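These are notes for a colleague who has not looked at this entry before. Please read them with the model open.

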Amino acid sequence: MSNIVRLVVACVFFGAAVALCAFGFWGWGILVLLFGGIVLLSFFFNENMILAQYFLRKENSEKAEAWLLKITDYEKQLHKNQHGYYNLLVGLIESRKAPMKSEKYFKKSLQLGMKMSHNIALAKLSLAGISMAKRNKREAQMYLSEASKDDKNKLLTEQIKMMKGQLAQMDKQVVRGGYRQF
């Protein structure tokens, strides 16, 4: 359902609630007002996105992907503030299947913008992992330092430390019986 239809339905519910209260049916008016509020909330927080996030937290990426696939055109179905989060969720699901293909989704989510700093840090941490897989140490270091700056609540500190350790190990890889020299 597009966002304009959601707004129209919410306005109809609110109008019906006012009419019911005006005619003295307070119980029904309050109930219809609550339904209108739920429809209005679905304008700002898409139910498919909420369910996809829930299933990703439960490590069930198949169901999360099924809920995200129900969003056919995210530019019309989602509020503008949710476009970055949609690309982040698609990138997280895609990174479990094909990590190199998920890079475009993480970059697009950063380009579209997200309000929560830990989600920005998660996107940059994922991009750092992809850069490490591509053997691009400079870009990986840049993304890791940006991720540590954006992780204000310290939710990803362990993952950032682990990635920095893996980045340090890139220099010490064995090449033809000896160590790599720089």
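1. A residue is called buried here when its relative accessible area is under 20%, exposed when it is over 50%, and partly exposed in between. In this predicted model, buried residues make up 35% of the 182 residues in the protein.

2. Overall make-up. The protein has 10 helices and 2 strands.

3. Overall dimensions. The radius of gyration is 22 Å, whereas a compact globule of 182 residues would come near 16 Å. Along the principal axes, the C-alpha atoms fill a box of roughly 85 × 30 × 25 Å. Of the contacts with a separation of 6 or more, 53% are between residues 24 or more positions apart. The protein exposes about 11700 Å², and carbon and sulfur atoms supply 62% of that area.

4. A nonpolar patch. Phe-23, Phe-25, Trp-28, Leu-31, Phe-35 and Ile-38 make a nonpolar surface patch of about 720 Å². One of these residues, Trp-28, is found in helix α2, which covers residues 26-44. Trp-28 counts as exposed because its relative accessible area is 55%.

5. Helix α4 spans residues 61-69 and contains Ser-61. With a relative accessible area of 15%, Ser-61 is buried. Leaving aside residues up to four places away in sequence, Ser-61 touches Ile-93 and Arg-96. The side chains of Glu-65 and Lys-97 meet in a salt bridge, at 2.5 Å from N to O. Glu-65 belongs to α4 and Lys-97 to α6 (residues 83-97), so this pair ties together parts that are 32 residues apart in sequence. Glu-65 is partly exposed, at 24% relative accessibility.

6. Salt bridges elsewhere. How many salt bridges does a search of the whole structure find? The count is 7. One of them joins the side chains of Glu-103 and Lys-107, at 3.2 Å from N to O. Both residues are in helix α7 (residues 103-112), and being 4 residues apart they are separated by about one helical turn. Glu-103 is buried at 11% relative accessibility, whereas Lys-107 is partly exposed at 37%.

7. The 17 residues of α8 reach 24 Å from the first C-alpha to the last, close to the 24 Å expected at 1.5 Å a residue. Helix α8 is mostly covered, with 13 of its 17 residues buried. A salt bridge connects Lys-124 with Glu-146, and their closest N and O atoms are 3.4 Å apart. This pair links distant parts of the chain, Lys-124 in α8 and Glu-146 in α9, 22 residues apart. Lys-124 is buried at 14% relative accessibility, while Glu-146 is partly exposed at 25%. Separately, salt bridges that share partners join Glu-103, Lys-107 and Lys-134 into one network.

8. Backbone points to check. Most residues other than glycine have a negative phi. Arg-135 is not a glycine, yet its phi is positive, about 65 degrees. Arg-135 lies in the loop between α8 (117-133) and α9 (137-150), and is partly exposed at 41% relative accessible area. Lys-154, also not a glycine, has a positive phi of about 60 degrees. Lys-154 sits in the loop between α9 and α10 (157-169), and counts as exposed at 53% relative accessibility.

Conventions. Residues numbered from 1 in each chain as written. Predicted model: local features only at pLDDT ≥ 70, side-chain atom pairs only at ≥ 80, totals over all residues. Heavy atoms only, no water. Patch = residues over 30% accessible without salt bridge, like charges linked within 9 Å, V, L, I, M, F, W, Y side chains within 5 Å. Areas by Shrake-Rupley, 256 points an atom, 1.4 Å probe, with all protein chains shown as cover. Salt bridge = Lys/Arg side-chain N within 4 Å of Asp/Glu carboxyl O. Buried < 20%, exposed > 50% of the residue type's maximum accessible area, 1.4 Å probe, protein only. Contact = heavy atoms within 4.5 Å. Rg over C-alpha atoms; globule rule 2.2 N^0.38 Å. Expected span 1.5 Å × (residues − 1).
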